[in-house]
Amino acid sequence: DFEGELGVWRYADALPFEAGVSIDEGGTPLYEVPTIEAETGVADLRVKHEGMNPTGSFKDRGMTVGVRVAERLGVDRLACASTGNTSAALACYGARAGTEVLVLLPAGKVAAGKVAQASLHGARILEVDGNFDACLDVVSDLADRGEAYLLNSLNPFRLEGQKTIGLEILEQFRDQTGDLPDRIVLPVGNAGNTAALYKAFRELVRSGALDADDVPTLTGVQAEGAAPMVEAIEEGNDEVHRWEEVETRATAIRIGNPVNAPKALPGIRETGGTAVAVSDEEITDAQRALARDGVGVEPASAASVAGLRKLRESGEIAADERVVCLTTGHLLKDPDAAAAAGADPEPVPADTDGVLEHLGE
Ligand code: F0G
């Protein structure tokens, strides 16, 4: 049973501060998705929709902690590289803190909603002639030279805030079903969430609040065109090898060098999980299926459901499993992808008879 409201700062005991620079992040819904549950035939399926955060992605959970740290340090410029969502969240939280924000985006590869957010919240936006990984190389260098405080997920305080995704999932799933989930399926880009969830569960086990056997199996999903983590899992490598060329419609996870891999690979391996790659078509199909169940997500988020479908088909996920899919960003983040995946508007005349005729009635 919940005592008090859900939200990041409900879990202050597990965080480095009592409170952060906050606009009520966290406390996102855990939805039933009856059609996808029936289709995949798992025992129980829920979707944790992180698109319902203030700026429309899970990044807010990290920024409420990270920007607080920056405030304490007294830095005068915050910066990140981003496929879009991090820049939107940093611009917003930086504005709340009254601190200058600089964001580096891969030119032409960031969804419209995200650039609009960064812009309106007042960030200075640099469009880089290169992919996300190149942007992160540059901004890390700027941070090393003392030019800015880095708020990518390389910053461990970001991941502290993102631990609360895992804590909320356990509480909500038990509240709704009486049980804990067996598995969490999530999209992977830099693998920050994978690392953060694993840390949250390890801390629960160490504190005695969670049985080691009850830690959910972490299952990562990448786009086929940007799948270095999947490659490492499939080949049994201890390290992830950077992909120089990456491409996918799911621009949020168009990443070839998952910087949190050293923390995330053990999370997948030690929970008995796996990683799987899905095609852009499978991602769009899953985005449509989620939308038909009333859950509007951006393409990268739908990768989780696409991965679940694939692993059910291969038998890797069993029919008796209780599963949570993480959807990381809101449909409106990428209006172009949503419009392309949905039906086209039909032009009609401005009179009722004409409309009825068009409808064939
Ligand atoms: N889903 C969405 C919608 C994202 O924006 C991201 C990462 C991920 C998944 C991957 O999460 O890195 O924890 O594995 N977006 C970053 C950004 C890279 O700049 O917004 P991860």
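Start by selecting helix α2, residues 59-73, in this predicted model. How many of its 15 residues are buried? The count is 12, and α2 is mostly covered. Colour the buried ones and you will pick out Lys59, Asp60, Arg61, Gly62, Met63, Thr64, Val65, Gly66, Val67, Arg68, Val69 and Ala70.

Then step just past α2 to glycine 74, where phi is positive, at about 75°.

Next, follow β3 from that cover into its sheet. Four strands make up this open sheet, in the order β5-β4-β3-β6 and with parallel pairing. Which strands stand at the edges? They are β5 (124-128) and β6; each has a single partner strand, so one side of each is left without a neighbour in the sheet. Zoom in on the pairing of β3 with β6, which run parallel and are joined by 2 bridges.

The domain assignment places residues 8-56 + 156-341 in domain 1 and residues 59-150 in domain 2. Between the C-alpha centres of the two domains there are 22 Å. Where they touch, 39 residues of domain 1 are in contact with 31 residues of domain 2. On the domain 1 side, select α6 (156-177) and α12 (335-341), the elements that give two or more residues to the side touching domain 2. Helix α6 provides the largest share of that side, with 8 residues. Colouring that side of domain 1 by class gives 17 nonpolar, 13 polar and 9 charged residues.

With both domains still coloured, bring up the ligand. Why does the ligand lie between the domains? Domain 1 and domain 2 both give residues to the shell around the ligand, so it lies between them. There are 21 residues around the ligand, and Ser82, Gly189, Gly192, Thr328 and Gly329 come nearest. For the elements behind the shell, highlight α3 (85-97), α7 (192-207) and α11 (299-313), which give two or more residues to it. By class, the ligand shell has 14 polar, 6 nonpolar and 1 charged residues.

For the last stop, select strand β2, residues 44-49. Of its 6 residues, 5 are buried, so β2 is largely enclosed by the rest of the structure. Look at its partners in turn:

- β1 (residues 30-32) runs antiparallel to β2, with 3 bridges joining the two.
- β10 (residues 322-327) runs parallel to β2, with 6 bridges joining the two.

Finish by clicking arginine 46 in β2. Glutamate 32 stands opposite arginine 46, and valine 324 in β10 also stands opposite arginine 46. While you have the strand on screen, recall that in a regular strand the side chains alternate between the two faces of the sheet.

Terms used
Residues numbered from 1 in each chain as written. Predicted model: local features only at pLDDT ≥ 70, side-chain atom pairs only at ≥ 80, totals over all residues. Domains from an automatic or database assignment. Contact = placed C-beta atoms within 7 Å. Nonpolar A, V, L, I, M, F, W, Y, C, P; charged D, E, K, R; others polar. Near = placed C-beta within 6 Å. Expected span 1.5 Å × (residues − 1). Buried ≥ 20, exposed ≤ 12 C-beta atoms within 10 Å, placed from the backbone. Pairing = 2+ DSSP bridges.
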